[in-house]
Amino acid sequence: MFELKPILSTLWHHKVSALLIALQLALTLVILSNSLLIVTDRIDKMARPTGMDVENIIVADFLAIPQDYDMAGAVRADLEMLRALPNVVDAVHSHQVPLSGSGSANSYFAEPNQNIGGENANYYRTGPEFINTLGLNLVAGRNFTPAEMQVYASTERGEAHVAIITRQLAEKLFPGEDALGKSLYDGDNPIEIIGIVERHLGAWLGWSDAGNVAFFPGLQTTQGMDYLVRTEDGKRDAVLQTLADKLAERDPDRVIRVKSLSNHMARSYARDNLMVKVLSTVGAMLSFIVALGIVGLTSFWINQRTKQIGVRRALGATRANISRYFLLENSLIAGTGIALGAAAALIANQYLVRDYSQPVLSLTSLAICALMILLVSLGAALAPALRAANISPATATRSV
């Protein structure tokens with residue numbers, strides 16, 4: 001550590017440029033640590049299991065043209081036709097599409113006529129085939145029966161009497177209890193829980209209550225309808241190409257659209273994907289800019305001290321001594337920047353947590369980012385340091 005005193009003396013004489021590099025490293029650490037936290041959170045969010053066989057499900061929706069359209073009859077005929085198609089496992093109607101960002105929600109309670117203490121849940125009016133069609137896992141209870149199905153007009157509220165809910169919703173409504181056989185309430189209407197499915201993320205992937213889902217047996221005869229069609233593994237695209245034609249052929253008095261459920265999910269995660277790409281690019285660019293700054297500053301200082309390096313070489317300093325000198329000098333600058341950046345990163349994260357509900361920055365994550373910054377700094381300084389070590393005493397002291 002006998003080199004520390006001359007290094008500190010040199011840095012003091014170049015304090016402005018050294019401070020600028022340290023502040024640049026600090027700013028990079030602030031942005032990189034919080035960006036990495038957000039990126040990791042978004043990646044974990046997009047990797048959540050949906051509870052559904054997303055890759056093999058097709059969504060077909062249509063809007064009927066006649067105002068007096070027989071929706072109930074059309075749904076029966078369409079589903080019979082869809083289930084008979086080659087490579088189709090099952091099909092079901094639904095008044096909303098899961099993972100699409102569009103849906104219906106309501107508050108449900110464990111006791112009648114409550115106004116507070118309930119749970120918000122995304123709900124679906126669908127048929128008994130929804131479990132097989134979506135590939136859900138029924139962990140308790142039973143499915144709907146045809147006798148429990150209700151058909152009602154778009155102007156009717158349609159009070160359900162039975163429901164199948166997700167395990168997440170069951171645990172929130174009845175913590176520590178078995179929800180099967182109990183009732184959830186919408187006002188004073190008791191709805192018996194006859195089944196519990198393991199998981200279903202619902203319509204809104206960014207919703208804080210995503211996973212709170214309830215299914216009711218029913219068909220609401222509006223002008224539009226959604227069908228969910230599950231195909232055999234790897235057969236989705238082949239079925240998708242013919243599905244719209246088959247529906248139009250059976251009944252041409254409607255406008256039909258067909259998409260894959262994975263397409264809906266990708267659109268719902270589009271902002272998260274964009275954020276991951278933007279923040280990753282910003283982090284990489286900042287690291288590159290910092291590395292360029294360090295390379296430039298170290299090279300500039302080496303050019304200024306060529307004769308000094310030559311003298312040290314002539315007095316017996318080895319190449320390792322010269323390289324170590326500049327790497328240690330760089331480490332001191334980086335250490336100062338990292339210390340400033342760590343404090344600023346924790347302060348900035350407090351504001352992000354408070355105002356934008358972002359995750360809390362852990363000391364482990366901060367330490368990993370600090371180590372990454374240090375390695376980038378040392379890596380950037382390594383090439384100029386090695387070049388300095390190769391300066392020969394004769395060349396450096398030629399004019400001395």
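On a 1 Å grid over the protein atoms alone, a cavity is a set of points where a 1.4 Å probe fits but cannot get out, and lining residues have an atom within 4 Å of a point. This is a predicted model, in which local features need pLDDT of at least 70, side-chain atom pairs count only at pLDDT 80 or more, and totals for chains, interfaces and linings use all residues. Residues are numbered from 1 along each chain as its sequence is written, and side-chain values use heavy atoms, with hydrogens and water left out.

**Cavities**

- The whole structure holds 3 cavities of 30 Å³ or more, a volume being the space filled by probe spheres set on the grid points, which are joined across faces, edges and corners.
- The largest cavity, with about 70 Å³ of space, is lined by Ile21, Ile294, Leu297, Thr298, Trp301, Phe326, Glu329, Asn330 and Ile333.
- Two or more residues of this lining come from each of α8 (270-304) and α10 (319-356); helices (H or I, at least four residues) and strands (E, at least two) are DSSP runs, numbered from the N terminus.
- The lining of the largest cavity comprises 6 nonpolar, 2 polar and 1 charged residues, where Ala, Val, Leu, Ile, Met, Phe, Trp, Tyr, Cys and Pro count as nonpolar, Asp, Glu, Lys and Arg as charged, and the others, Gly among them, as polar.

**Pockets**

- A pocket is an open set of grid points with protein on both sides within 12 Å along at least five of seven lines.
- The largest pocket has a volume of about 350 Å³, and of its 18 lining residues Asp61, Val97, Asp226, Arg257 and His264 lie nearest its centre.
- At least two lining residues of the largest pocket are supplied by each of β1 (57-64), β12 (224-231), β13 (254-260) and α7 (261-268).
- By class, the largest pocket is lined by 5 nonpolar, 8 polar and 5 charged residues.
- The second largest pocket holds about 250 Å³ of space; its lining has 13 residues, with Val75, Arg76, Leu79, His93 and Met149 nearest its centre.
- Helix α3 (residues 71-83) gives the most to the lining of the second largest pocket, with 5 residues, and this lining divides into 8 nonpolar, 2 polar and 3 charged residues.

**Aromatic rings**

- There are 8 aromatic pairs, counted where rings of Phe, Tyr and Trp (its six-membered ring) have centres within 6.5 Å; planes under 30 degrees apart count as stacked, over 60 as edge-to-face and the rest as tilted.
- Phe130 and Phe144 form a tilted pair, 5.7 Å centre to centre with 35° between the planes.
- This pair links helix α4 (residues 130-134), which holds Phe130, to the loop between β5 (138-141) and β6 (151-153), which holds Phe144.
- Both Phe130 and Phe144 are buried, that is, under 20% relative accessible area (1.4 Å probe, protein chains only).
- Ring pairs join Tyr124, Phe130, Phe144 and Phe215 into a cluster.
- The charged end of Arg254 sits over the ring of Phe62, 4.6 Å from its centre; the rule requires NZ of Lys or CZ of Arg within 6 Å of the ring centre and within 35 degrees of the ring normal.

**Helices**

- The 35 residues of α8 should span 51 Å at 1.5 Å a residue, which agrees with the 51 Å between its end C-alpha atoms; the expected span is 1.5 Å times one less than the number of residues.
- Buried residues of α8 include Ile294, Leu297, Thr298 and Trp301, which also line the largest cavity.
- Leu32 belongs to helix α2 (residues 15-46) and counts as buried at 12% relative accessibility.
- Leu32 and Cys369 are 337 residues apart in sequence and 6.9 Å apart in space, C-alpha to C-alpha.

Terms used:
Buried < 20%, exposed > 50% of the residue type's maximum accessible area, 1.4 Å probe, protein only.
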